Amino acid sequence: MNKIIFISGPCGCGKSTFADAYAKYLVNQTGKSVYVIHGDHFHQGFVEPDAKDPFFSDGQPSDLVLWEDILRFNWDCILYAAERALHQGVDVVIDYVIETELPRVKALAKQFSIPLYYIVLTAAEAEIESRIRSRGDADMIGRALFLKHELEAMPENQGHFLDNTGKSVQEEILEIDLDQYIV
């Protein structure tokens with residue numbers, strides 16, 4: 001049976017790194033193909049002017065209308081790609097931040113009568129900040145910390161957190177009992 005594994009969490013918590021490594025782990029364990037969807041790849045398709053205000057101010061988008069359009073487009077693309085992969089009989093690993101979109105992912109899993117596993121990665125604030133600085137995205141620190149607090153406060157995320165502070169990706173993979181993360 002196919003499945004969807006959704007990896008959420010704030011910027012800098014290692015979603016993409018974990019999604020890639022966990023997909024490879026699944027392939028090696030099951031021999032079955034896995035399709036990984038990195039939501040940020042859709043966002044990167046939007047070309048913006050060089051001279052503009054910072055995209056985020058105090059963790060909030062500075063141009064809310066543009067951000068809402070981008071977010072809606074990203075989610076439409078993510079869910080379309082996931083649906084196509086599931087039609088091919090392939091498991092799907094999605095890496096993107098879920099703020100209010102979990103019902104859309106649940107509906108996709110229900111449409112295919114398959115399980116949805118939801119993992120929210122998190123880390124200590126200092127570690128998130130360090131990771132973001134090391135990749136040269138210091139302007140994203142405010143957004144990352146805002147998302148960390150927002151995600152931790154959301155009732156639907158309780159029981160779905162994996163704190164990866166000080167852990168290697170391999171340690172995270174070995175710690176995962178996927179059944180603990182079923183929605």
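Ser113 counts as exposed, at 61% relative accessibility, where exposed means over 50% relative accessible area, buried under 20% and partly exposed in between (1.4 Å probe, protein chains only). Ser113 lies in the loop between helix H4 (102-112) and strand E6 (116-122); helices (H or I, at least four residues) and strands (E, at least two) are DSSP runs, numbered from the N terminus. The phi of Ser113 is near 50°, a positive value in a residue other than glycine. Most residues other than glycine have a negative phi.

The structure is a predicted model, in which local features need pLDDT of at least 70 and side-chain atom pairs count only at pLDDT 80 or more, while totals for chains, interfaces and linings use all residues. Residues are numbered from 1 along each chain as its sequence is written, and side-chain values use heavy atoms, with hydrogens and water left out.

The chain contains 7 helices and 7 strands, and the order of its elements from the N terminus is β-α-β-α-β-β-α-β-α-β-α-α-β-α. Of the 183 residues in the chain, 45% are buried. The accessible surface of the chain is about 9400 Å², and carbon and sulfur atoms contribute 52% of this area; accessible areas come from the Shrake-Rupley method with a 1.4 Å probe, and for residues only the protein chains shown count as cover. Among the contacts in the chain with a separation of 6 or more, 75% are between residues 24 or more positions apart, a contact being defined by heavy atoms within 4.5 Å.

Helix H5 (residues 125-134) packs against helix H6 (residues 141-153) at an angle of about 145°, and the two axes are 10 Å apart. Axes are lines fitted to C-alpha atoms, for helices over the stretch in contact, and angles run from 0 to 180 degrees between N-to-C directions. The crossing of H5 and H6 is right-handed; a crossing is right-handed if the near helix is turned clockwise from the far one by less than a right angle, and left-handed if anticlockwise. H5 contributes Glu125, Ile128, Glu129, Ile132 and Arg133 to the contact, and H6 contributes Ile141, Ala144, Leu145, Lys148 and His149. By class, the contact of H5 with H6 comprises 5 nonpolar, 1 polar and 4 charged residues, with Ala, Val, Leu, Ile, Met, Phe, Trp, Tyr, Cys and Pro counted as nonpolar, Asp, Glu, Lys and Arg as charged, and the others, Gly among them, as polar. Arg143 also lies in H6 and is buried, with a relative accessible area of 5%.

The loop between strand E1 (4-8) and helix H1 (15-30) holds Gly12. Gly12 counts as buried because its relative accessibility is 5%. Leaving aside neighbours within four places in sequence, Gly12 is in contact with Ile128, Arg131, Ile132 and Arg135. The C-alpha atoms of Gly12 and Ala144 are separated by 6.9 Å, although the two residues are 132 residues apart along the chain. Cys11 and Arg143 are likewise 132 residues apart in sequence, with a C-alpha to C-alpha distance of 7.5 Å.

The disulfide count is 0, a disulfide being a pair of cysteine sulfur atoms within 2.5 Å. The cysteine sulfur closest to that of Cys11 is in Cys13, and because the distance is 8.0 Å, it is too far for a bond. Both cysteines count as buried, Cys11 at 12% relative accessibility and Cys13 at 0%.
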